[in-house]
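Let us learn to read a protein model one feature at a time.

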Amino acid sequence: MTLVPLPHRLTSRHRETADTVTFELEPLSGGLGPFAPGQYAMLYAFGIGEIPVSVCRTSGDGRLTHTVRAVGAVSRGLCDLPAGASVGVRGPFGNGWNLRAARGHDLLVVAGGIGLAPLRPLIDAVLAEPAAYGRLNVLVGARTPGDLLYRAELPAWRRPFGAVTVDRPAGGWTGRVGVVTALLDEALFAPENATAFVCGPEVMMRATARELVDRGLPAGRVQLSLERNMRCATGHCGHCQLGPLLLCRDGPVVPYDQAEPLLTVREL
Amino acid sequence: MSRPAPVPSTGLIGSLSPGHRERLLALAHEVDHPASTRLFEEGGRADRFWIVRTGTVALDIHLPGRGPAVVETIGTGGLVGWSWLCPPHEWHLGAETRSRVEAWQFDAAEVRAVCAAHPEFGLPLVTLVAETIGRRLRATRTRLLDLYGPQPGAPSP
Amino acid sequence: MTGPGDIRAATGAPTEAVLGRDGLDALVQVLKRRGRTVVGPTVRDRAVVLAELDSADELPHGWGVELEAGRYRVRRRTDGAVFAHSAGPQSWKSFLHPPRVRQWTAERDADGGLTVCEDEPPAVSYAFLGVRACDLHAIRILDRVMIGGKYPDPAYGSRRKGVFLVAAECTEPGATCFCVSMGTGPAVDTGYDLALTEVVDDGGPRFLCRSGSEEGAAVLAELPRHQADDTTRTAAAEAVRRAAGNMGRSMPPTDLRALMRDNLEADRWDDVTARCLNCGNCTMVCPTCFCTTTEDVSDLTGDHAERWRRWDSCYDLDFTLLHGGPVRAGKRSRYRQWLTHKIGTWHDQFGSTGCVGCGRCIVWCPTGIDLTEEAHALHQEATRQGPTP
């Protein structure tokens with residue numbers, strides 16, 4: 001189903017932070033997919049509207065997990081839904097993370113804020129097949145300790161290297177303080193044989209990509225998940241253009257060598 | 001019985017040429033601090049600096065009524081302290097170990113003297129320290145943007 | 001594409017004939033009898049608009065147009081020509097890709113369950129009468145955007161499927177036309193069912209008519225007609241050839257895609273921004289501008305909701321709205337987006353230019369911004385500065 005939402009039932013919800021909720025959706029019949037890590041769905045809140053949301057966990061049976069931050073009418077509507085409510089879903093859409101190109105490489109997963117959500121299924125996929133990859137580094141940045149997503153799962157991502165840093169420590173926080181790029185000095189990777197997956201605010205992604213390229217990663221092996229306004233997800237509405245790219249179709253994952261000249265043009 | 005900490009391949013030490021690295025490390029004193037050790041205090045004389053080999057150091061500032069507020073942490077390979085480089089050689093923050101910290105400690109006056117006597121070593125070293133300061137400044141500016149926080153302006157979908 | 005000779009061999013139907021006024025009248029009636037909704041040019045509100053036609057009487061017999069940047073006037077002609085007017089304010093996209101389309105409806109039942117019903121495509125079968133070469137290309141471009149990708153759009157596809165296209169070759173281009181620069185006209189090449197070339201001489205208007213499809217040949221066989229003669233053929237070819245030499249505008253002789261890509265920070269963008277009102281008229285009249293937005297509405301009970309799609313414009317501030325604000329916040333970036341997309345990045349996205357040289361955007365710009373003038377200016381600025389290293 002790509003043009004008409006397929007009804008799903010919200011089976012469980014978990015409040016991650018003050019403004020962010022993770023919920024699981026189960027198709028009422030059939031199901032969509034399969035969704036690859038980094039791909040997204042259009043989620044329809046009844047009578048309010050539709051927004052693109054990356055999958056943050058998939059299962060083989062059509063169930064989808066999404067993490068939504070309440071920042072607008074639709075996302076707030078979705079975050080407020082109780083278990084049992086219906087959600088319309090279209091998808092899967094877009095290019096996901098190119099994990100196949102990273103086989104045998106050291107991996108750098110760098111997330112900022114809600115940007116961890118589209119990276120979680122990638123981490124799941126790597127952990128399901130650890131022998132296929134080199135060292136996994138998970139670097140997570142958040143605003144405050146209270147804004148951290150998936151807190152219960154973070155410890156499992158600590159080996160061989162995983163770290164969390166916050167902009168503003170609070171409440172007895174004993175972890176790292178500072179930007180996520182500061183953690184790169186400690187990550188375990190051979191730049192000539194590494195692939196990076198980066199998702200977060202655009203400024204954070206550009207800073208991270210620059211640092212990685214400075215450290216010797218080829219720009220084409222730094223993958224960013226970009227965001228623009230998306231209305232249709234099917235390449236027809238024109239809203240998500242970034243120069244030559246229709247991000248709904250040619251993204252959201254774009255390698256930095258392709259993204260860099262576009263992101264540096266103001267208001268492209 | 002402590003294992004020898006590795007020489008970091010990143011950060012300031014990793015960026016020095018092998019010859020300059022050897023020269024700098026010749027000036028180093030190995031130190032090993034337990035967690036919660038105060039390394040220096042705001043306003044104190046900046047007569048030393050450190051390069052972290054393992055562990056984490058927190059930079060903090062004392063706020064009346066709130067105690068020390070951590071503004072940044074520095075991990076493996078990181079340079080702790082740069083106030084030693086420029087007059088008046090006074091710390092503008094405090095520093096405390098967050099875990100056990102193994103580090104190379106340097107005597108600031110000694111390093112400054114070697115730099116002055118051997119500019120072919122001093123210039124690259126000072127340039128690397130400036131790079132470190134620059135990177136921290138950029139990071140601080142990024143944090144000023146509060147990128148992960150709620151965005152002011154128009155409502156979004 | 002089957003060649004005309006093959007059609008004749010297969011069906012015995014004519015591939016070429018000359019139609020008079022009676023042939024044109026019959027054409028509309030035959031198409032209607034075949035269940036077609038016939039849409040063609042007609043004079044309304046002092047403009048040549050596209051509308052449903054009941055008879056060929058409604059065509060703009062003896063009407064011409066005067067075009068200039070920011071100016072459109074219909075004028076009376078003495079020769080009675082039917083197709084001697086160039087592009088009007090509308091294009092065929094209004095019928096294939098309507099300004100508002102309901103895509104689906106949704107019902108919420110008492111248990112909170114959700115049922116979504118896709119809207120049935122309309123049971124309409126169009127015949128477009130008088131499609132210019134530039135507009136034939138525009139339809140092909142829209143085809144690539146709307147039904148040529150991974151997700152064919154059913155609203156467009158159902159309207160587009162089986163459209164009967166009667167092309168009209170251009171014999172009198174307007175002052176704002178530049179189809180020759182874009183390689184889209186004035187002659188029609190392929191993709192039509194019937195092609196008309198109007199010849200106006202002492203005998204009054206007549207039309208050299210060629211069929212380009214089996215159905216076209218079958219329709220032609222039903223019309224009163226004369227055998228095509230060399231005089232008419234020569235006059236028709238000469239009229240189209242003359243039209244090619246009478247283009248009012250031209251694009252600079254350069255790779256427009258590269259010109260757009262490599263000059264995103266040109267000073268000229270500031271100059272055009274000072275004149276641009278960001279009204280979006282150019283996007284509305286453009287025969288290929290396809291952008292849309294979605295509207296979700298619900299009724300007062302809150303249990304019935306609808307998804308509508310309506311035309312949108314890249315000049316709208318909300319077009320690029322993200323959490324926090326619009327990406328293209330400045331007027332300059334919005335004009336730049338429109339032009340660089342139209343003749344530049346369209347190639348990357350859909351494999352061709354998005355401009356067919358019809359000149360509508362020049363005519364209907366309230367401040368007379370002329371994209372050919374802007375392209376020339378950008379080219380001059382780039383040439384002055386030399387190639388970037």
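Predicted model: local features only at pLDDT ≥ 70, side-chain atom pairs only at ≥ 80, totals over all residues.

The dialogue below moves from whole chains to sheets and then to rings.

Q: Where do I start with a chain? How many helices and strands does chain A have?
A: Start with the parts list. Chain A has five helices and 16 strands. Its radius of gyration is 18 Å, close to the 18 Å that the globule rule gives for 268 residues, so chain A is as compact as a globular protein of that length. Along its principal axes, the C-alpha trace of chain A spans about 50 × 45 × 40 Å.

Q: How many of the residues of chain A count as buried?
A: Of its 268 residues, 62% count as buried. Look at the contacts too. Take those in chain A between residues at least 6 apart in sequence: 69% of them join residues at least 24 apart. The accessible surface of chain A comes to about 9,100 Å², and 51% of that belongs to carbon and sulfur atoms.

Q: How do I read a sheet? What is the strand order in the open sheet of chain A?
A: Follow the strands from neighbour to neighbour. This open sheet has seven strands in the order S4-S3-S7-S1-S2-S6-S5, with antiparallel pairing.

Q: Why is one side of strand S4 and of strand S5 in chain A left without a neighbour in the sheet?
A: Strand S4 (49-54) and strand S5 (57-58) of chain A stand at the edges, each with a single partner strand, so one side of each has no neighbour in the sheet.

Q: Which strand pairs with S1 of chain A over four bridges?
A: S7(A) does, in the antiparallel sense. Strand S1 covers residues 6-17. For one bridge, take A:Leu6: its partner in S7(A) is A:Val89.

Q: How is a pair of aromatic rings described?
A: By the distance of the centres and the angle of the planes. Over all chains, the count comes to 22 aromatic pairs. One of them is A:Tyr40 with A:Phe93, a tilted pair at 5.8 Å centre to centre and 40° between the planes. This pair links distant parts of chain A: A:Tyr40 is in strand S3 (residues 40-45), A:Phe93 is in strand S7 (residues 86-93), and they are 53 residues apart.

Q: Are A:Tyr40 and A:Phe93 buried or exposed?
A: Buried means under 20% relative accessible area. A:Tyr40 has 2%, so A:Tyr40 counts as buried. A:Phe93 has 0%, so A:Phe93 is buried.

Q: What kind of pair do C:Phe290 and C:Trp346 form?
A: An edge-to-face pair, at 5.4 Å centre to centre with 85° between the planes. C:Phe290 lies in the loop between helix H11 (281-285) and strand S12 (292-298) of chain C, and C:Trp346 in helix H12 (residues 331-350), so the pair ties together parts that are 56 residues apart in sequence. C:Phe290 and C:Trp346 are buried.

Q: Which charged residue sits over the ring of C:Phe350?
A: A:Arg249, with its charged end 5.5 Å from the ring centre. In chain A, A:Arg120 lies over the face of A:Tyr150, at 4.1 Å from the ring centre.

Notes
Residues numbered from 1 in each chain as written. Chains lettered and ligands numbered in written order. Heavy atoms only, no water. Phe/Tyr/Trp six-rings, centres within 6.5 Å; stacked < 30°, edge-to-face > 60°. Helix = DSSP H or I, 4+ residues; strand = E, 2+ residues; numbered from the N terminus. Buried < 20%, exposed > 50% of the residue type's maximum accessible area, 1.4 Å probe, protein only. Lys NZ or Arg CZ within 6 Å of the ring centre and 35° of its normal. Pairing = 2+ DSSP bridges. Rg over C-alpha atoms; globule rule 2.2 N^0.38 Å. Contact = heavy atoms within 4.5 Å. Areas by Shrake-Rupley, 256 points an atom, 1.4 Å probe, with all protein chains shown as cover.
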